[in-house]
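Please look at the sequence and the model first.

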Amino acid sequence: MARLNVNPTRMELKKLKARLSTAVRGHKLLKDKSDEMVRRFTLLLREDKRLRDEVEGDLARAMKQFALAGALTPSYVQAAAFSMPAATVGADCGTENVMGVEVPKISLTESEHSAALPYAFSEITSEADDSVRMVSALLPKLLRLAEVEKAVRLLSYEIERNKRRVNALEYVMIPQLEETIKYIRNKLDENERAAIVRLMKVKSLS
Amino acid sequence: MMQGKMAVVGSAETITVFQAAGVEAFPVTDEKSARETLRRVAHDFPVVFLSEEYAGPLKDLLRRFDEEAYPVVLPIPTGKAAGYGEEFLRDTMERALGVDILFRK
């Protein structure tokens with residue numbers, strides 16, 4: 001490992017020692033952060049997988065139901081009936097801090113959402129009712145999935161970045177500093193020995 | 001806390017049911033229009049559901065949303081071309097951990 005290009009002086013030695021202790025402390029902290037992030041990440045990942053499996057199943061059922069309904073009603077009637085939803089759903093969007101990463105926190109806000117479906121019963125079959133109800137019931141889960149998936153995504157990038165920092169400290173910064181400190185120390189010792197020898201020589205001459 | 005609405009982008013027949021449930025729907029017909037629409041919609045809506053069949057072709061666009069908390073774009077399975085979920089998990093897992101902890105076989 002290459003040593004840093006510095007003058008072998010006591011000043012530099014002191015400075016480098018301070019830098020080394022900071023680097024070691026930073027490395028330890030970042031490593032702990034990495035461990036905790038990975039732990040959270042695995043939890044979120046498992047939740048994501050579970051939610052996705054559930055949502056996939058439920059949504060497939062709702063879609064199938066809706067396709068069935070579509071077969072019974074002319075598509076223009078259906079389009080007209082569904083184009084004016086009575087219940088509008090909104091989302092409360094905040095953020096949450098997970099290990100220094102801003103992740104979304106979403107909750108569903110629904111206005112007058114009840115059993116009332118946004119169209120007249122005369123035009124639409126009950127199959128469609130069911131599918132709409134299924135999708136409505138699925139929305140909170142979808143939002144949770146969106147939240148978790150984004151969090152997993154953001155965390156994965158942050159873990160990657162953090163890992164790079166830890167490695168840079170562990171395999172570049174710290175060895176470099178240690179090597180330089182050793183070099184300066186050797187140099188200073190050498191100088192000291194040279195000075196002593198010189199003194200002895202001068203003394204024996206007189 | 002900001003108030004936002006949800007949008008869904010996908011082919012007309014799959015998103016009508018979401019529209020009925022109160023989510024704003026943006027029908028698209030092909031990859032090009034999907035790209036356009038998604039870009040526009042993601043600008044206005046914090047939460048966007050995208051039909052999964054477009055998740056593959058628009059991967060580069062989706063990656064750009066990974067930088068920030070919002071907008072959240074969630075590919076949802078709509079029957080056609082499933083498999084995004086597994087790929088997503090695999091990819092993310094590999095980046096962060098380097099090992100497979102979910103699909104070990």
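A151(A) counts as buried because 25 C-beta neighbours lie inside 10 Å of it. A residue is called buried if 20 or more other C-beta atoms lie within 10 Å of its own, exposed if 12 or fewer do, and partly exposed in between, with C-beta atoms placed from the backbone. The model is predicted, so local features need pLDDT of at least 70 and side-chain atom pairs count only at pLDDT 80 or more, while totals for chains, interfaces and linings use all residues. Residues are numbered from 1 along each chain as its sequence is written, and chains are lettered from A and ligands numbered from 1 in the order in which they are written.

A151(A) lies in helix α3 of chain A. Leaving aside residues up to four places away in sequence, A151(A) touches L44(A), V98(A) and V103(A). Two residues are in contact if their C-beta atoms, placed from the backbone, lie within 7 Å. From A151(A) to V101(A) the C-alpha distance is 8.4 Å, although 50 residues separate them in sequence.

**The two chains**

Helices (H or I, at least four residues) and strands (E, at least two) are DSSP runs, numbered from the N terminus. The table sets out the two chains.

| Item | Chain A | Chain B |
|---|---|---|
| Elements | three helices and two strands | four helices and four strands |
| Order from the N terminus | α-α-β-β-α | β-α-β-α-β-α-β-α |
| Buried residues | 25% of 206 residues | 47% of 105 residues |

In chain A, 85% of the contacts between residues at least 6 apart in sequence join residues at least 24 apart. In chain B, residues 24 or more positions apart account for 51% of the contacts with a separation of 6 or more. The C-alpha trace of chain B spans about 40 × 35 × 25 Å along its principal axes.

Helix α1 of chain B covers residues 12–20, and seven of its nine residues are buried. They are T14(B), I15(B), T16(B), V17(B), F18(B), Q19(B) and A20(B). After α1(B) comes G22(B), with a positive phi near 105 degrees.

Helix α4 of chain B takes in residues 84–96, and its 13 residues should span 18 Å at 1.5 Å a residue; the end C-alpha atoms are 18 Å apart, which agrees. The expected span is 1.5 Å times one less than the number of residues in the helix. Which residues of α4(B) are buried? They are Y84(B), G85(B), L89(B), T92(B), M93(B) and A96(B). These residues lie on the same side of α4(B), because they cover an arc of only 155 degrees around the axis. The arc is that of the directions from the helix axis to the C-beta atoms. On the face turned away from the buried side of α4(B) are the exposed residues E87(B) and E94(B). Just after α4(B), G98(B) has a positive phi of about 85 degrees.

**Where the chains meet**

In the contact between the chains, 52 residues of chain A meet 38 residues of chain B. On the side of chain A that touches chain B, at least two residues each come from α1 (10–72), α2 (75–82), β1 (89–98), β2 (101–110) and α3 (126–205). The most come from α3(A), with 19 residues. That side of chain A holds 31 nonpolar, eleven polar and ten charged residues. Here Ala, Val, Leu, Ile, Met, Phe, Trp, Tyr, Cys and Pro count as nonpolar, Asp, Glu, Lys and Arg as charged, and the others, Gly among them, as polar.
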